[in-house]
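Please look over the sequence and the 3D structure below before reading on. This briefing takes the whole chain as its starting point and then turns to a single residue.

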Amino acid sequence: MAFPAHRPRRLRYSALLREAVRETRLSPPDLISPLFVCPGENVRREIPSMPGNFNLSIDNLVEECRETAALGIPGVILFGIPPRKDAVGSGGFDERGIVQEAVRAVKREVANLLVIADTCMCEYTDHGHCGQVVEGDVDNDRSLELLSKTALSQARAGADIIAPSDMMDGRVAAIRSTLDVHGYEKTPILAYAAKYASAFYGPFRDAADSAPRFGDRRSYQMDPANQREAVKEIAADIEEGADLIMVKPAMPYLDVLHRAKTEFNVPTAAYQVSGEFAMIAAAARNGWLDEKAAVLESLTSIKRAGADLILTYFSKQAARLLN
Ligand code: PBG
């Protein structure tokens, strides 16, 4: 027999052959758009480190959501920039708060779009931490009460999914029981189960003005070096009632994502965060990367690693390329 018997290149010679044996297919229903909502009317303020992303007032947010749904993207996740911040982040659980009003408006005006509410305190606290600070520490159990109130107010406003991103211990159980007691037992929880203390959140913190004013988040977000601990965190969140789980960031943690997907039988999301977006966008602006190709390759790699859903600031761009 002629050598070599196996010639993997045979299946790579034409676009049709490559398409026929392709293992991973990215499509708009895989994507979720993160959006930032702010007070005011007709506000559309570009975020300097995230070109093409904006702080939007509710009127413009509704328009953005219409376009997003029209592209076949199934959902958005909303982050709020409140008019005022205080020590306990009361803007986060205000029944008339920015995210609550935004959820109501989008649910009223836009059909066929899931509205996910990010549940956290850091955009609403004057110190920028993801919970209540007591004697210089983010107090876990007091923060659970605030997070539960926030989740309830978001569910009341009509959020389709509640997504806690704070990394306090026991938050999924606390939120689940609060939602259930108040009749929202049908509202699912997407837990940011393995969320790392990452350098790649920089641009988001500019967008939401949510950088911690003192210290850092390493007492609650995970150490980037740890994988085994992620398995423990995910197991705990599922045990506490999480319906979907998330790994965040995405590209630097594809090993964690893959393990999450293979070890647990639940829908798994990955968040391609602001710094991942900014790296590609900045390199492309400099002419150092082919942006379209890099966007599709990065998202395909996240799906290949195991993501059922990808939260990404490239969702509209990718959907246009895929449609
Ligand atoms: C915290 C939160 C963060 C992001 C979303 N929610 C990170 C943080 O500041 O610790 C980051 C998302 C991104 O970078 O795109 N509630």
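The points that follow describe a predicted model, beginning with the overall fold and ending with the surroundings of Arg 171.

**Overall build**
- The secondary structure of the protein is made up of 12 helices together with 12 strands.
- The radius of gyration is 20 Å, close to the 20 Å that the globule rule gives for 323 residues, so the protein is as compact as a globular protein of that length.
- Taken along the principal axes, the box filled by the C-alpha atoms is roughly 75 × 45 × 40 Å.

**Inside and contacts**
- Among the 323 residues of the protein, 53% count as buried.
- Of the contacts with a separation of 6 or more, 73% are between residues 24 or more positions apart in the protein.

**A look at Arg 171**
- Arg 171 belongs to helix H6, which covers residues 171-181.
- With a relative accessible area of 1%, Arg 171 counts as buried, because that value is under 20%.
- A polar atom of the Arg 171 side chain lies 3.3 Å from the backbone oxygen of Pro 164.
- Leaving aside residues up to four places away in sequence, Arg 171 touches a set of residues that includes Leu 144, Leu 147, Tyr 192, Asp 237 and Glu 240, and Pro 164 is also one of them.

Terms used
Residues numbered from 1 in each chain as written. Predicted model: local features only at pLDDT ≥ 70, side-chain atom pairs only at ≥ 80, totals over all residues. Heavy atoms only, no water. Helix = DSSP H or I, 4+ residues; strand = E, 2+ residues; numbered from the N terminus. Rg over C-alpha atoms; globule rule 2.2 N^0.38 Å. Buried < 20%, exposed > 50% of the residue type's maximum accessible area, 1.4 Å probe, protein only. Contact = heavy atoms within 4.5 Å. Polar contact = N/O pair within 3.5 Å; in protein donor to acceptor, adjacent residues only side chain to side chain.
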